[in-house]
Amino acid sequence: MKLRRVVVTGLGALTPIGNTVQEYWNGLINGVSGAAPITYFDTTHFKTKFACELKNFNAEDFIDRKEARKMDRYAQYAIVSSDEAVRDANFDLDKLDKDRVGVIWGSGIGGLETFQQEVMDFTKGNGTPKFNPFFIPKMIADIAGGHISIKYGFRGPNFTTVSACASSTNALIDAFNYIRLNHADVMVTGGSEAAVTIAGMGGFNAMHALSTRNDDPKTASRPMDKDREGFVLGEGAGALVLEEYEHAIARGATIYCEIGGGGMSADAHHITAPHPEGLGAKNVMLNCLRDAGLRPEDVDGVNMHGTSTPLGDIAESKAIQHVFGEHAYTLNLNATKSMTGHLLGAAGAIEAISSILSIKHGIVPPTINHFTDDENIDPKLNFTFNKAQKRDMKVVMSNTFGFGGHNACVLVKKLEL
(Lines give C-alpha, C1' and ligand atoms only; values in the text may rest on other atoms or scores of the structure.)
Protein backbone atom coordinates (compact mmCIF):
# COMPACT_ATOMS: atom_id res chain seq x y z
CA MET A 1 0.00 0.00 0.00
CA LYS A 2 1.37 3.40 -0.99
CA LEU A 3 1.32 5.88 1.89
CA ARG A 4 -0.23 9.26 1.18
CA ARG A 5 1.68 12.49 1.78
CA VAL A 6 0.57 14.73 4.65
CA VAL A 7 1.04 18.49 4.90
CA VAL A 8 0.24 21.21 7.44
CA THR A 9 -2.26 23.84 6.29
CA GLY A 10 -3.39 25.51 9.51
CA LEU A 11 -1.92 26.53 12.87
CA GLY A 12 -3.35 27.84 16.13
CA ALA A 13 -1.61 28.71 19.39
CA LEU A 14 -2.58 29.91 22.85
CA THR A 15 0.55 30.21 24.98
CA PRO A 16 2.05 32.05 27.96
CA ILE A 17 4.01 34.25 25.54
CA GLY A 18 1.27 34.95 23.00
CA ASN A 19 -2.41 34.23 22.40
CA THR A 20 -2.15 33.74 18.62
CA VAL A 21 0.39 32.04 16.37
CA GLN A 22 1.93 35.38 15.37
CA GLU A 23 2.16 36.60 18.97
CA TYR A 24 3.65 33.27 20.02
CA TRP A 25 6.26 33.42 17.25
CA ASN A 26 7.17 37.01 18.11
CA GLY A 27 7.66 35.97 21.73
CA LEU A 28 9.83 33.03 20.72
CA ILE A 29 12.24 34.84 18.45
CA ASN A 30 12.56 37.72 20.91
CA GLY A 31 13.37 35.43 23.82
CA VAL A 32 10.39 36.41 25.98
CA SER A 33 9.84 34.57 29.26
CA GLY A 34 6.25 33.75 30.17
CA ALA A 35 7.00 33.10 33.85
CA ALA A 36 5.45 35.34 36.52
CA PRO A 37 3.85 35.10 39.98
CA ILE A 38 0.68 32.99 39.99
CA THR A 39 -2.58 34.96 39.92
CA TYR A 40 -5.11 32.11 40.00
CA PHE A 41 -4.87 31.31 43.73
CA ASP A 42 -3.06 32.25 46.95
CA THR A 43 0.43 30.74 46.88
CA THR A 44 1.47 31.82 50.38
CA HIS A 45 2.09 28.28 51.59
CA PHE A 46 3.39 26.84 48.29
CA LYS A 47 7.04 26.03 47.60
CA THR A 48 6.70 27.43 44.07
CA LYS A 49 4.80 30.68 43.69
CA PHE A 50 5.10 31.27 39.95
CA ALA A 51 4.17 29.65 36.65
CA CYS A 52 3.67 30.44 32.97
CA GLU A 53 -0.01 31.44 32.96
CA LEU A 54 -1.88 32.78 29.94
CA LYS A 55 -2.06 36.57 29.87
CA ASN A 56 -5.12 38.66 29.03
CA PHE A 57 -7.21 35.61 28.15
CA ASN A 58 -10.98 35.67 28.58
CA ALA A 59 -12.82 32.62 27.27
CA GLU A 60 -16.01 34.63 26.77
CA ASP A 61 -14.25 36.68 24.10
CA PHE A 62 -14.36 33.52 21.97
CA ILE A 63 -17.04 31.23 23.40
CA ASP A 64 -20.65 31.92 24.37
CA ARG A 65 -20.79 32.51 28.13
CA LYS A 66 -23.26 29.70 28.77
CA GLU A 67 -21.17 27.22 26.78
CA ALA A 68 -17.88 28.37 28.33
CA ARG A 69 -19.24 27.60 31.80
CA LYS A 70 -19.72 23.97 30.71
CA MET A 71 -16.03 23.64 29.87
CA ASP A 72 -12.89 23.25 31.94
CA ARG A 73 -10.15 25.72 31.02
CA TYR A 74 -8.25 23.01 29.15
CA ALA A 75 -11.25 22.50 26.83
CA GLN A 76 -11.71 26.26 26.38
CA TYR A 77 -8.06 26.47 25.31
CA ALA A 78 -8.63 23.64 22.83
CA ILE A 79 -11.61 25.39 21.24
CA VAL A 80 -9.79 28.73 20.89
CA SER A 81 -6.57 27.32 19.41
CA SER A 82 -8.34 24.92 17.04
CA ASP A 83 -10.59 27.74 15.81
CA GLU A 84 -7.52 29.76 14.86
CA ALA A 85 -6.06 26.73 13.06
CA VAL A 86 -9.26 25.96 11.13
CA ARG A 87 -9.62 29.61 10.11
CA ASP A 88 -5.95 29.63 9.08
CA ALA A 89 -6.51 26.58 6.87
CA ASN A 90 -9.18 28.65 5.03
CA PHE A 91 -11.60 25.85 4.21
CA ASP A 92 -14.91 26.32 2.49
CA LEU A 93 -16.69 24.40 5.25
CA ASP A 94 -19.84 23.97 3.13
CA LYS A 95 -17.85 22.06 0.50
CA LEU A 96 -15.73 20.02 2.90
CA ASP A 97 -16.61 16.32 3.21
CA LYS A 98 -16.96 16.31 6.99
CA ASP A 99 -17.14 12.51 7.12
CA ARG A 100 -13.47 12.62 6.08
CA VAL A 101 -12.39 15.19 8.68
CA GLY A 102 -11.36 13.97 12.14
CA VAL A 103 -10.04 15.27 15.44
CA ILE A 104 -7.29 13.66 17.49
CA TRP A 105 -6.41 15.71 20.56
CA GLY A 106 -3.93 15.26 23.37
CA SER A 107 -4.01 16.13 27.07
CA GLY A 108 -1.91 14.70 29.83
CA ILE A 109 -4.37 15.46 32.64
CA GLY A 110 -7.59 17.00 31.29
CA GLY A 111 -9.98 18.86 33.59
CA LEU A 112 -7.86 19.02 36.73
CA GLU A 113 -9.31 22.32 37.93
CA THR A 114 -12.86 21.01 37.60
CA PHE A 115 -12.02 17.85 39.53
CA GLN A 116 -10.25 19.85 42.22
CA GLN A 117 -13.11 22.32 42.67
CA GLU A 118 -15.85 19.71 42.83
CA VAL A 119 -14.00 17.63 45.42
CA MET A 120 -13.12 20.71 47.51
CA ASP A 121 -16.76 21.83 47.44
CA PHE A 122 -17.89 18.35 48.52
CA THR A 123 -15.56 18.32 51.52
CA LYS A 124 -17.10 21.59 52.74
CA GLY A 125 -20.55 20.04 52.89
CA ASN A 126 -22.23 17.52 55.20
CA GLY A 127 -21.41 14.45 53.13
CA THR A 128 -24.38 14.72 50.78
CA PRO A 129 -23.08 14.15 47.22
CA LYS A 130 -24.07 17.43 45.59
CA PHE A 131 -22.09 17.66 42.36
CA ASN A 132 -22.46 19.85 39.29
CA PRO A 133 -24.21 17.87 36.51
CA PHE A 134 -21.40 19.00 34.19
CA PHE A 135 -18.70 17.71 36.56
CA ILE A 136 -17.87 14.57 34.58
CA PRO A 137 -18.19 15.99 31.03
CA LYS A 138 -16.08 18.99 32.05
CA MET A 139 -13.37 16.84 33.61
CA ILE A 140 -12.79 13.92 31.26
CA ALA A 141 -9.69 14.14 29.10
CA ASP A 142 -11.44 13.27 25.84
CA ILE A 143 -14.05 16.02 25.90
CA ALA A 144 -11.92 18.69 24.18
CA GLY A 145 -11.83 16.70 20.95
CA GLY A 146 -15.57 16.17 21.29
CA HIS A 147 -16.18 19.91 21.57
CA ILE A 148 -14.06 20.57 18.46
CA SER A 149 -15.89 18.00 16.34
CA ILE A 150 -19.30 19.22 17.53
CA LYS A 151 -18.43 22.86 16.76
CA TYR A 152 -17.63 22.09 13.10
CA GLY A 153 -19.57 18.87 12.49
CA PHE A 154 -16.39 16.89 11.79
CA ARG A 155 -17.48 13.23 11.73
CA GLY A 156 -14.20 11.45 11.03
CA PRO A 157 -11.97 9.62 13.54
CA ASN A 158 -12.14 11.25 16.96
CA PHE A 159 -10.27 10.37 20.14
CA THR A 160 -7.78 11.67 22.67
CA THR A 161 -4.25 10.49 23.38
CA VAL A 162 -2.93 10.48 26.96
CA SER A 163 0.80 9.92 27.40
CA ALA A 164 1.69 12.63 29.92
CA CYS A 165 3.99 15.23 28.34
CA ALA A 166 4.14 13.31 25.05
CA SER A 167 0.35 13.42 24.59
CA SER A 168 -0.01 15.99 21.82
CA THR A 169 2.96 14.64 19.86
CA ASN A 170 1.33 11.22 19.98
CA ALA A 171 -1.91 12.87 18.83
CA LEU A 172 -0.08 14.51 15.93
CA ILE A 173 1.55 11.23 14.90
CA ASP A 174 -1.78 9.41 15.06
CA ALA A 175 -3.44 12.11 12.95
CA PHE A 176 -0.57 11.88 10.44
CA ASN A 177 -0.98 8.11 10.19
CA TYR A 178 -4.77 8.24 9.83
CA ILE A 179 -4.38 10.47 6.77
CA ARG A 180 -1.55 8.60 5.13
CA LEU A 181 -3.42 5.30 5.64
CA ASN A 182 -6.50 6.86 3.96
CA HIS A 183 -8.82 6.88 6.97
CA ALA A 184 -9.29 10.65 6.59
CA ASP A 185 -8.35 13.55 4.33
CA VAL A 186 -8.08 16.23 7.02
CA MET A 187 -7.33 16.02 10.74
CA VAL A 188 -7.43 18.69 13.43
CA THR A 189 -4.85 17.75 16.02
CA GLY A 190 -2.85 19.20 18.91
CA GLY A 191 -3.21 19.40 22.65
CA SER A 192 -4.23 21.55 25.60
CA GLU A 193 -3.54 21.68 29.31
CA ALA A 194 -4.64 23.80 32.27
CA ALA A 195 -2.79 22.40 35.30
CA VAL A 196 -1.77 25.68 36.95
CA THR A 197 -4.06 24.89 39.87
CA ILE A 198 -3.77 24.19 43.59
CA ALA A 199 -3.61 20.46 42.90
CA GLY A 200 -1.24 20.79 39.95
CA MET A 201 1.28 23.03 41.68
CA GLY A 202 1.01 21.16 44.96
CA GLY A 203 1.41 17.78 43.32
CA PHE A 204 4.44 18.68 41.22
CA ASN A 205 6.02 20.44 44.21
CA ALA A 206 5.53 17.30 46.31
CA MET A 207 7.62 15.29 43.84
CA HIS A 208 10.30 18.03 43.68
CA ALA A 209 9.80 18.50 39.94
CA LEU A 210 9.34 22.29 39.85
CA SER A 211 11.81 25.12 40.07
CA THR A 212 11.51 27.08 43.32
CA ARG A 213 13.36 30.16 42.06
CA ASN A 214 10.70 32.49 43.48
CA ASP A 215 13.08 35.44 43.63
CA ASP A 216 13.59 35.42 39.85
CA PRO A 217 10.77 33.58 38.00
CA LYS A 218 11.67 34.85 34.53
CA THR A 219 15.03 33.04 34.59
CA ALA A 220 13.79 29.93 36.41
CA SER A 221 13.42 27.77 33.30
CA ARG A 222 17.03 27.33 32.19
CA PRO A 223 17.53 24.19 30.10
CA MET A 224 21.11 22.92 29.88
CA ASP A 225 22.31 25.48 32.43
CA LYS A 226 24.43 24.19 35.30
CA ASP A 227 22.10 25.73 37.89
CA ARG A 228 18.79 24.41 36.54
CA GLU A 229 16.70 22.87 39.30
CA GLY A 230 13.33 21.94 37.87
CA PHE A 231 10.75 22.87 35.27
CA VAL A 232 8.28 25.77 35.27
CA LEU A 233 4.64 24.77 34.85
CA GLY A 234 2.88 26.31 31.85
CA GLU A 235 -0.59 26.18 30.32
CA GLY A 236 -2.26 26.70 26.96
CA ALA A 237 -2.84 24.88 23.69
CA GLY A 238 -1.53 24.29 20.20
CA ALA A 239 -3.54 23.15 17.18
CA LEU A 240 -2.55 21.96 13.72
CA VAL A 241 -4.59 21.15 10.64
CA LEU A 242 -3.06 18.21 8.78
CA GLU A 243 -4.22 17.51 5.24
CA GLU A 244 -3.56 15.00 2.50
CA TYR A 245 -1.23 16.64 -0.03
CA GLU A 246 -3.43 16.24 -3.16
CA HIS A 247 -6.49 17.38 -1.21
CA ALA A 248 -4.64 20.55 -0.16
CA ILE A 249 -3.32 21.23 -3.66
CA ALA A 250 -6.75 20.75 -5.23
CA ARG A 251 -8.29 23.52 -3.12
CA GLY A 252 -5.30 25.86 -3.46
CA ALA A 253 -4.37 25.72 0.22
CA THR A 254 -1.37 27.51 1.66
CA ILE A 255 1.03 24.79 2.87
CA TYR A 256 3.44 25.37 5.75
CA CYS A 257 5.44 22.16 5.48
CA GLU A 258 5.21 18.40 5.13
CA ILE A 259 5.05 15.92 8.00
CA GLY A 260 7.94 13.58 7.27
CA GLY A 261 7.57 10.96 9.97
CA GLY A 262 6.93 10.10 13.57
CA GLY A 263 8.65 7.89 16.12
CA MET A 264 7.64 6.39 19.45
CA SER A 265 9.45 4.43 22.15
CA ALA A 266 9.45 3.63 25.86
CA ASP A 267 12.23 4.04 28.40
CA ALA A 268 10.98 1.02 30.40
CA HIS A 269 13.12 2.39 33.22
CA HIS A 270 11.33 4.50 35.86
CA ILE A 271 7.96 6.20 36.37
CA THR A 272 9.42 9.72 36.33
CA ALA A 273 13.20 9.66 35.77
CA PRO A 274 14.62 9.31 32.26
CA HIS A 275 16.99 6.52 31.34
CA PRO A 276 20.40 7.92 32.42
CA GLU A 277 21.96 7.24 29.01
CA GLY A 278 18.93 8.50 27.13
CA LEU A 279 18.13 5.06 25.69
CA GLY A 280 14.45 5.77 25.04
CA ALA A 281 15.25 9.22 23.65
CA LYS A 282 17.84 7.71 21.32
CA ASN A 283 15.42 5.04 20.10
CA VAL A 284 12.57 7.47 19.47
CA MET A 285 14.71 9.71 17.27
CA LEU A 286 16.06 6.72 15.34
CA ASN A 287 12.51 5.42 14.87
CA CYS A 288 11.40 8.82 13.62
CA LEU A 289 14.23 9.03 11.10
CA ARG A 290 13.50 5.50 9.92
CA ASP A 291 9.81 6.34 9.45
CA ALA A 292 10.72 9.46 7.46
CA GLY A 293 13.27 7.59 5.33
CA LEU A 294 15.94 10.14 6.20
CA ARG A 295 19.52 10.00 7.51
CA PRO A 296 20.75 11.83 10.61
CA GLU A 297 22.80 14.17 8.42
CA ASP A 298 19.62 15.34 6.67
CA VAL A 299 18.42 17.04 9.85
CA ASP A 300 19.08 20.74 10.52
CA GLY A 301 17.69 21.11 14.02
CA VAL A 302 16.04 19.49 17.02
CA ASN A 303 13.51 21.17 19.26
CA MET A 304 14.50 19.41 22.45
CA HIS A 305 12.20 18.25 25.22
CA GLY A 306 14.56 20.40 27.33
CA THR A 307 12.57 20.78 30.54
CA SER A 308 15.32 22.28 32.73
CA THR A 309 15.51 19.24 35.02
CA PRO A 310 18.92 18.04 36.28
CA LEU A 311 18.67 14.52 34.83
CA GLY A 312 16.50 15.06 31.77
CA ASP A 313 18.65 17.58 29.94
CA ILE A 314 21.77 15.44 30.30
CA ALA A 315 20.05 12.27 29.11
CA GLU A 316 18.57 13.99 26.04
CA SER A 317 21.89 15.62 25.13
CA LYS A 318 23.60 12.22 25.28
CA ALA A 319 20.90 10.72 23.09
CA ILE A 320 21.33 13.43 20.45
CA GLN A 321 25.08 12.81 20.33
CA HIS A 322 24.51 9.07 19.98
CA VAL A 323 21.99 9.47 17.14
CA PHE A 324 23.78 12.18 15.17
CA GLY A 325 27.46 11.53 15.89
CA GLU A 326 29.70 14.28 14.55
CA HIS A 327 26.70 15.83 12.76
CA ALA A 328 25.32 16.73 16.21
CA TYR A 329 27.78 19.65 16.30
CA THR A 330 26.26 21.16 13.14
CA LEU A 331 22.67 21.05 14.44
CA ASN A 332 20.74 23.96 15.89
CA LEU A 333 19.28 22.66 19.13
CA ASN A 334 16.76 24.70 21.10
CA ALA A 335 14.41 24.37 24.08
CA THR A 336 11.12 26.24 23.72
CA LYS A 337 10.27 25.52 27.37
CA SER A 338 12.85 28.09 28.46
CA MET A 339 10.24 30.66 27.40
CA THR A 340 6.83 28.98 27.60
CA GLY A 341 7.42 26.76 30.59
CA HIS A 342 6.25 23.16 30.37
CA LEU A 343 2.74 22.82 28.95
CA LEU A 344 2.65 19.10 29.81
CA GLY A 345 0.25 17.43 27.35
CA ALA A 346 0.18 20.53 25.12
CA ALA A 347 3.98 20.87 24.93
CA GLY A 348 4.40 18.72 21.83
CA ALA A 349 1.87 20.72 19.82
CA ILE A 350 3.28 24.17 20.54
CA GLU A 351 6.83 22.90 20.01
CA ALA A 352 5.89 21.32 16.68
CA ILE A 353 4.44 24.71 15.70
CA SER A 354 7.73 26.37 16.69
CA SER A 355 9.60 23.86 14.52
CA ILE A 356 7.28 24.51 11.56
CA LEU A 357 7.70 28.27 11.87
CA SER A 358 11.47 27.82 12.00
CA ILE A 359 11.22 26.24 8.56
CA LYS A 360 8.88 28.93 7.27
CA HIS A 361 10.92 31.91 8.51
CA GLY A 362 14.47 30.52 8.50
CA ILE A 363 14.98 31.44 12.15
CA VAL A 364 15.73 29.20 15.15
CA PRO A 365 14.26 30.51 18.42
CA PRO A 366 16.71 30.69 21.32
CA THR A 367 17.12 28.69 24.49
CA ILE A 368 17.04 31.57 26.95
CA ASN A 369 18.34 31.82 30.52
CA HIS A 370 21.73 30.25 29.91
CA PHE A 371 24.35 31.58 32.32
CA THR A 372 26.75 28.76 33.18
CA ASP A 373 27.86 25.70 31.20
CA ASP A 374 27.19 22.30 32.73
CA GLU A 375 30.33 20.14 32.71
CA ASN A 376 28.08 17.11 32.07
CA ILE A 377 26.84 18.53 28.75
CA ASP A 378 29.14 18.89 25.73
CA PRO A 379 29.78 22.65 25.28
CA LYS A 380 30.43 22.15 21.55
CA LEU A 381 26.72 21.45 20.96
CA ASN A 382 24.87 24.50 19.65
CA PHE A 383 21.86 25.02 21.91
CA THR A 384 21.07 28.41 20.31
CA PHE A 385 21.64 30.04 23.66
CA ASN A 386 19.99 33.37 24.48
CA LYS A 387 19.57 34.72 20.95
CA ALA A 388 17.69 33.53 17.87
CA GLN A 389 19.82 32.43 14.92
CA LYS A 390 19.07 32.70 11.21
CA ARG A 391 19.39 29.46 9.29
CA ASP A 392 17.76 27.81 6.28
CA MET A 393 15.87 25.03 8.06
CA LYS A 394 14.77 22.17 5.80
CA VAL A 395 14.28 19.36 8.33
CA VAL A 396 13.46 19.76 12.04
CA MET A 397 12.69 17.13 14.67
CA SER A 398 10.71 17.79 17.84
CA ASN A 399 11.07 15.63 20.96
CA THR A 400 8.60 15.10 23.79
CA PHE A 401 9.03 12.70 26.70
CA GLY A 402 6.43 11.89 29.36
CA PHE A 403 6.26 10.43 32.86
CA GLY A 404 5.93 6.68 32.53
CA GLY A 405 8.78 6.63 30.01
CA HIS A 406 6.63 7.61 27.00
CA ASN A 407 8.70 9.11 24.16
CA ALA A 408 7.41 10.66 20.93
CA CYS A 409 9.22 12.50 18.14
CA VAL A 410 7.82 14.14 15.02
CA LEU A 411 9.80 15.27 11.96
CA VAL A 412 8.69 18.20 9.80
CA LYS A 413 10.33 19.18 6.53
CA LYS A 414 10.19 21.87 3.89
CA LEU A 415 7.72 20.94 1.18
CA GLU A 416 9.24 19.53 -2.00
CA LEU A 417 6.72 19.60 -4.84
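In the predicted model, Cys 257 is buried, with a relative accessible area of 0%. A disulfide is a covalent bond between the sulfur atoms of two cysteines. The structure as a whole holds zero disulfides.

Helix α8 spans residues 198-206, and its buried residues are Gly 200, Met 201, Phe 204 and Asn 205. These four residues lie on the same side of α8 because they cover an arc of only 120° around the axis. The partners against which the buried residues of α8 pack are β3 (50-51) and α4 (112-123). Just after the helix, His 208 adopts a positive phi of about 60°.

Two packed helices are described by the angle between their axes and the distance between the axes. For α4 and α8, the packing angle is about 100° and the axes are 8 Å apart. The angle falls in the range of 65 to 115 degrees, so α4 is roughly perpendicular to α8. On the α4 side, the contact is made by Leu 112, Gln 116 and Met 120, and on the α8 side by Ile 198, Ala 199 and Gly 200. Classified by residue type, the contact of α4 with α8 comprises four nonpolar and two polar residues, with no charged residues.

His 370 is located between β11 (363-364) and β12 (389-390). Its relative accessibility is 12%, and His 370 therefore counts as buried, the cut-off being under 20%. With residues up to four places away in sequence left out, His 370 touches Met 224, Asp 225, Phe 385 and Asn 386.

Notes: Residues numbered from 1 in each chain as written. Predicted model: local features only at pLDDT ≥ 70, side-chain atom pairs only at ≥ 80, totals over all residues. Heavy atoms only, no water. Buried < 20%, exposed > 50% of the residue type's maximum accessible area, 1.4 Å probe, protein only. Helix = DSSP H or I, 4+ residues; strand = E, 2+ residues; numbered from the N terminus. Arc of directions from axis to C-beta. Contact = heavy atoms within 4.5 Å. Disulfide = S-S within 2.5 Å. Axes fitted to C-alpha atoms, helices over the stretch in contact; angles between N-to-C directions. Parallel < 35°, antiparallel > 145°, perpendicular 65-115°, else oblique. Nonpolar A, V, L, I, M, F, W, Y, C, P; charged D, E, K, R; others polar.
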